[in-house]
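Work through the exercises below with the model open beside you. Try each task before reading its solution.

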Amino acid sequence: MSATAGQAQSERGLADRLGFKPGQVVQEFGFDDDVDEQLRASIAERTGNELVDEDYGDVVDAALLWWRDDEEDDLTDVLVDVLPTIEGGGIILVLTPKAGREGHVPPSDVAEAATTAGLSQTSAVSTGQDWSGTRLVMPKVRR
């Protein structure tokens with residue numbers, strides 16, 4: 001297997017482990033020049049769709065939220081705003097800079113905001129060299 005093919009398989013594996021499926025529409029919030037382009041590309045390859053931006057006007061299957069400690073908004077408020085855009089059973093992946101990186105957000109802050117917004121945390125995962133992900137879902141009783 002070539003290095004490029006191996007890298008593509010690894011990227012698909014990460015997007016798959018994060019819960020993304022073929023055919024899904026994924027909306028991205030908080031995009032900036034510091035995001036992990038490999039992760040974005042792996043999600044697009046796994047789903048077969050380019051990520052849609054914050055202005056997308058329809059429901060989506062999942063949301064990708066890049067979150068840093070210097071954001072002006074409150075994370076709980078943003079999560080509550082994102083919820084209506086997601087089809088039942090969809091996921092929200094909150095991505096924060098890893099410890100020691102500029103903009104780091106403690107995992108306890110994400111967990112608290114998720115709980116307050118009525119979401120359940122299903123897993124935490126390293127998504128690359130600079131970013132960590134927290135996978136959130138609506139509890140089954142709310143879906």
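The exercises cover salt bridges, the sheet and a helix pair.

The model is predicted, so local features need pLDDT of at least 70, side-chain atom pairs count only at pLDDT 80 or more, and totals for chains, interfaces and linings use all residues. Residues are numbered from 1 along each chain as its sequence is written, and side-chain values use heavy atoms, with hydrogens and water left out.

**Exercise 1. Salt bridges around Arg40**

Task: Find which residues are linked with Arg40 in a network of salt bridges, and state whether Arg40 is buried or exposed.

Solution: 

Step 1. A salt bridge is a side-chain nitrogen of Lys or Arg within 4 Å of a carboxyl oxygen of Asp or Glu.

Step 2. Take Glu28. Its side chain forms a salt bridge with that of Arg40, at 2.7 Å from N to O. Arg40 sits in helix α2 (residues 37-47) and Glu28 in strand β1 (residues 26-29), so the pair ties together parts twelve residues apart in sequence. Helices (H or I, at least four residues) and strands (E, at least two) are DSSP runs, numbered from the N terminus.

Step 3. Take Glu37. A salt bridge joins Glu37 to Arg40, with the closest N and O atoms 3.0 Å apart. Arg40 and Glu37 are three residues apart in helix α2, so about one helical turn separates them.

Step 4. Glu28, Glu37 and Arg40 are linked in a network of salt bridges.

Step 5. Classify. Buried means under 20% relative accessible area, exposed over 50%, and partly exposed in between (1.4 Å probe, protein chains only). Arg40 has 19% relative accessibility, so Arg40 counts as buried. Glu28 is buried too. Glu37 is partly exposed, at 44%.

**Exercise 2. Arg68 and its partner**

Task: Which side chain meets that of Arg68 in a salt bridge? Classify both residues by accessibility.

Solution: 

Step 1. The partner is Glu71, at 3.0 Å from N to O.

Step 2. Arg68 has 8% relative accessibility and therefore counts as buried. Glu71, at 28%, counts as partly exposed.

**Exercise 3. The sheet**

Task: What is the strand order of the open sheet, and which are the edge strands?

Solution: 

Step 1. Two strands pair if DSSP finds at least two bridges between them.

Step 2. Read the order. The open sheet has five strands, β1-β2-β3-β5-β4, with mixed pairing. The edges are β1 and β4 (120-126), each pairing on one side only. From one strand to the next the twist averages 20°.

Step 3. Check a parallel pair. Strands β2 (residues 60-66) and β3 (residues 86-97) run parallel, joined by six bridges. Ala63 has Ile92 in β3 as its bridge partner.

Step 4. Check an antiparallel pair. Six bridges join β4 to β5 (residues 131-137), and these strands run antiparallel. Ser123 stands opposite Arg135 in β5. The two strands β4 and β5 form a hairpin, with four residues between them.

**Exercise 4. Packing of α3 and α4**

Task: At what angle do α3 and α4 pack, and which residues meet?

Solution: 

Step 1. Helix α3 (residues 75-82) packs on helix α4 (residues 107-116) at an angle of about 45°, with the axes 8 Å apart. Axes are lines fitted to C-alpha atoms, for helices over the stretch in contact, and angles run from 0 to 180 degrees between N-to-C directions.

Step 2. Angles under 35 degrees count as roughly parallel, over 145 as roughly antiparallel, 65 to 115 as roughly perpendicular and the rest as oblique. The helices α3 and α4 are therefore oblique to each other.

Step 3. List the contacts (heavy atoms within 4.5 Å). Leu75, Thr76 and Leu79 in α3 meet Asp109, Val110, Ala113, Ala114 and Thr116 in α4.
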